[in-house]
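This report concerns selected contacts between side chains and between helices. The sequence and structure are shown first.

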Amino acid sequence: MIINVGGVVDISLLFSMSDRVPALATPSAMHPESWQLGAQVETWARGRGLVLGDPDTSPLGRARCERLAARIFPSADLAAVELFARWLTWTLALDDTMDHPPLADSGSAVHALYDDLLRAMRRGHARPGARPLEGALVELWQATSKGMSRDWRRRFMLHLEAHRDGCAEESVNRRIRHVPTEKEFPPLRRRACGPFLYDLVEPVLGVELPGRLLRTPRWKTLADGIADVVAWSNDLASHDLEAARGDNHDLPAVLARAQGVDAEQAAAAVADRIADRLEEAWTAARRLPEMLDRLELTVAQRSAAAQVVKALLATPRAHLDWLAESGRYEPPAGPGPLRLDALASLR
């Protein structure tokens, strides 16, 4: 049986956490040239067929991905920030495709779509008449991968495949009406929430991390912790829309089912988990210097690690501020009881 709990998750709970979670206390910085990004990214998305018609009429058009990119990378090269914003736009466009039939409840359809996407990346061009997602992905991949090593490219591809597998598993769950357990959910959500996006931190900053650092338990705690915090925060923001269409792949729904509580109580439990997970990530980050010493990294490698860690730690608050100004999770018809853009004053 699926317990559908919706309509009562107040996402202002996320913003109230800044009073008790030091890592979320300081509003994120904004890239000084961010004003240029909005029009540029919208023009690109329209030109690639990802956004059609009035942007305000679609969740993707209202998302304002450039604002999130400009908050995560407030001092990076503007062209690199724009590239990241394009990747975010593409990822959300893919996510929107996954939310609708036939992909929403067919694992084989998800694999078929991804087969086309991955073949296009390896081939270096989209098929004639291919869907916009395919052509845009080839363009993004060529722009991003040209300066990166074979190891980085392989890691990125593996994370794309992990995303495919996570989305396919979610589709099967919807078809058989299975709600993930508390134990099943975190790794599934991590896979289905675009793990490849975190690999993009390196090309945006113009650095590359050594594989032996990425394989350490401490780095994994940091990286997975930040990914979980962002995913679970997003779950609170999107819960009501997902519940309305009967989708239970968010942490409030999972906890409500597992613990037998209502949505409001489940949301409070999610906030507690976010706070705990963020503390774990920060603790791992504080202990990284001794790990770097043991690995005997070069000065350049240590500098690269420091830059990536800074961006990762900034991401949860940047994501929180983006939720306040993005219209992605507004109800599709008419204003809802709580508009996300109305929360901007809480930053």
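Is Arg191 buried, partly exposed or exposed? In this predicted model, Arg191 counts as partly exposed, at 26% relative accessibility.

## Salt bridges

A search of the whole structure finds 35 salt bridges. In one of them, Arg245 pairs with Asp99, with the closest N and O atoms 3.3 Å apart. Arg245 lies in the loop between helix 12 and helix 13, and Asp99 in the loop between helix 4 (78-98) and helix 5 (107-123), so the pair ties together parts 146 residues apart in sequence. Arg245 is partly exposed, at 43% relative accessibility.

Arg191 forms a salt bridge with Glu169 (2.8 Å, N to O). This pair links distant parts of the chain, Glu169 being in helix 7 (residues 150-176) and Arg191 in helix 8, 22 residues apart. Glu169 is partly exposed, at 33% relative accessibility.

Within helix 14 (residues 263-286), Glu280 and Arg277 are three residues apart, about one turn of the helix. Their salt bridge brings the closest N and O atoms to 2.8 Å. Glu280 is partly exposed at 40%, whereas Arg277 is buried at 14%. Salt bridges with shared partners join Arg190, Lys220, Asp224, Asp228, Arg277 and Glu280 into one network.

## Packing of helices 8 and 12

Helix 8 (residues 185-192) packs against helix 12 at about 90°, with the axes 10 Å apart; the two are therefore roughly perpendicular. The residues of this contact comprise five nonpolar, one polar and five charged.

## Asp247

Asp247 occupies the loop between helix 12 (217-244) and helix 13 (251-259). Asp247 is buried, with a relative accessible area of 5%, and its side chain makes a polar contact with that of Arg174 (3.0 Å).

Definitions and conventions
Residues are numbered from 1 along each chain as its sequence is written. This is a predicted model: local features need pLDDT of at least 70, side-chain atom pairs count only at pLDDT 80 or more; totals for chains, interfaces and linings use all residues. Side-chain values use heavy atoms; hydrogens and water are left out. Helices (H or I, at least four residues) and strands (E, at least two) are DSSP runs, numbered from the N terminus. Buried means under 20% relative accessible area, exposed over 50%, partly exposed in between (1.4 Å probe, protein chains only). A polar contact is a pair of N or O atoms within 3.5 Å; within protein, one must be able to donate a hydrogen and the other to accept it, and residues adjacent in sequence count only if both atoms are side-chain atoms. Axes are lines fitted to C-alpha atoms, for helices over the stretch in contact, and angles run from 0 to 180 degrees between N-to-C directions. Angles under 35 degrees count as roughly parallel, over 145 as roughly antiparallel, 65 to 115 as roughly perpendicular and the rest as oblique. Ala, Val, Leu, Ile, Met, Phe, Trp, Tyr, Cys and Pro count as nonpolar, Asp, Glu, Lys and Arg as charged, and the others, Gly among them, as polar. A salt bridge is a side-chain nitrogen of Lys or Arg within 4 Å of a carboxyl oxygen of Asp or Glu.
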